[in-house]
Amino acid sequence: MWNVNVQALEAVARLGGDDLIPFYGLLEGGRDGVLFRELENYFYYAQLRSQGIDTMDTRVVSTEIPLSEVPFVMRAMGLYPSEQEVEDMVNEVKFSKYVETGKYVDCIDLGTFIKLYVNHRPAFGLSVDQLHHAFEVLGLEEVDGQAAIERGHLLDILQTRGEHMTEAEVAEYITTLLGFNAEGGSSEIGTFDSTNSVDLIDENLPEEITADMFAAEILGFGREPDAEAVV
């Protein structure tokens, strides 16, 4: 039978610090680092976004943001969760007090968001090798020694495989990534005009797409010669 040394666990917990101190230590640079300031800025920008960027109404000052803003802040921080992972994160907070209060939580404060971010972010960023592997699995041809996916096939995969998107979503996201829409797309301005989207994609997205091209020119990661990860 296993025995648990409770005193040892309590001692380790005390050494880690109280409240958010252990979580600050898991952020690069800690409480005073660039990452924390970036996260803080995105968090409070999400407050403005949830109330309407261009609204002329009096702003409601708060220390919380709606749970609906969580995926946007996570993605702004360089995480790329699937829709299922987003749902898991939101539900973790939504039902966090249900047993005690019988009510759902519909907002999240900065401290809770930091805990959520630290607990759900991957240990390593999205690596170039992962992108190359995906293209090797999906690619049909070789371009400059790399597996490549034909443009039409890629657009079809995005609409039919996995957590697939609608044709309108593909049009919006691709043209936004290519720089033809307002930054943030409909999530910022509330609308999307699909006029000429097909022509823009045909004219600016190569017929054969490699992993390096996809990472640098569409996702905008860029790549340093010795970099192991793009996040």
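Me: Which residues of helix α7 are buried in this predicted model?
Reply: The model is predicted. Helix α7 spans residues 110-120. Its buried residues are Leu110, Gly111, Phe113, Ile114, Leu116, Tyr117 and Val118.

Me: What covers the buried residues of α7?
Reply: Several helices take part, and a strand does too. The strand is β2, residues 107-109. The helices include α2 (21-24), α3 (34-51), α4 (70-76) and α5 (83-94).

Me: Which residue caps the N-terminal end of α7?
Reply: Look for a side-chain oxygen by the backbone nitrogen of Gly111. One lies 3.3 Å from that nitrogen. The capping residue is Asp109.

Me: Which element gives the most to the largest nonpolar core?
Reply: That core has 28 residues. Met74, Ile108, Phe113, Ile114 and Tyr117 have the most contacts inside it. The elements giving two or more residues are α2, α3, α4, α5 and α7. The top contributor, with six residues, is α7.

Me: Which residues does Tyr117 touch, not counting residues up to four places away in sequence?
Reply: Tyr117 is one of the buried residues of α7. With residues up to four places away set aside, its contacts include Met74 and Met77.

Me: Why do the buried residues of α8 lie on the same side of the helix?
Reply: In α8, the buried residues are Val128, Leu131, His132 and Phe135.

Me: Which exposed residues does the opposite face of α8 carry, turned away from its buried side?
Reply: The buried side of α8 has cover that includes β4, β5 and α13. The face turned away from that side carries exposed residues. They are Asp129, His133 and Val137.

Me: Which elements do the buried residues of α13 pack against?
Reply: Helix α13 covers residues 211-218. Its buried residues are Ala211, Met213, Phe214, Ala215 and Ile218. They pack against α8 (128-138), β4 (146-150), α9 (151-160), α10 (167-177) and β5 (208-210).

Me: Which residue with a positive phi follows α13?
Reply: The phi in question is near 75°. The residue is Gly220.

Me: Stacked or edge-to-face: how do the rings of Phe43 and Tyr44 pair?
Reply: The structure holds seven aromatic pairs. In this one the ring centres are 5.3 Å apart. The planes stand at 85°, over the 60 degree cut-off. The pair is therefore edge-to-face.

Me: Stacked or edge-to-face: how do Tyr98 and Tyr104 pair?
Reply: Their ring centres are 5.4 Å apart. The planes are at 20°, under the 30 degree cut-off. The pair is therefore stacked.

Me: Which residues do ring pairs link into a cluster with Phe43?
Reply: Phe43 is buried, with a relative accessible area of 0%. Tyr44 is partly exposed, at 34%. Ring pairs link Phe43 with Tyr44 and Phe113.

Me: Which backbone oxygen does the side chain of Thr175 reach?
Reply: Thr175 is found in helix α10. Thr175 is buried, with a relative accessible area of 0%. At 3.1 Å, its side chain reaches the backbone oxygen of Glu172.

Me: Which residues is Arg31 in contact with, leaving aside neighbours within four places in sequence?
Reply: Arg31 lies in the loop between α2 and α3. Arg31 is partly exposed, with a relative accessible area of 39%. Its C-alpha is 8.4 Å from that of Ile21, 10 residues away in sequence. Its contacts beyond four places are Tyr24 and Phe36.

Me: What share of the residues in the chain is buried?
Reply: The chain has 13 helices and five strands. Its accessible surface comes to about 15,200 Å², with 53% belonging to carbon and sulfur atoms. Of the 231 residues, the buried share is 30%.

Key:
Residues numbered from 1 in each chain as written. Predicted model: local features only at pLDDT ≥ 70, side-chain atom pairs only at ≥ 80, totals over all residues. Heavy atoms only, no water. Buried < 20%, exposed > 50% of the residue type's maximum accessible area, 1.4 Å probe, protein only. Helix = DSSP H or I, 4+ residues; strand = E, 2+ residues; numbered from the N terminus. Contact = heavy atoms within 4.5 Å. Polar contact = N/O pair within 3.5 Å; in protein donor to acceptor, adjacent residues only side chain to side chain. Core = buried A, V, L, I, M, F, W, Y, C linked by side-chain atoms within 4.5 Å. Areas by Shrake-Rupley, 256 points an atom, 1.4 Å probe, with all protein chains shown as cover. Phe/Tyr/Trp six-rings, centres within 6.5 Å; stacked < 30°, edge-to-face > 60°.
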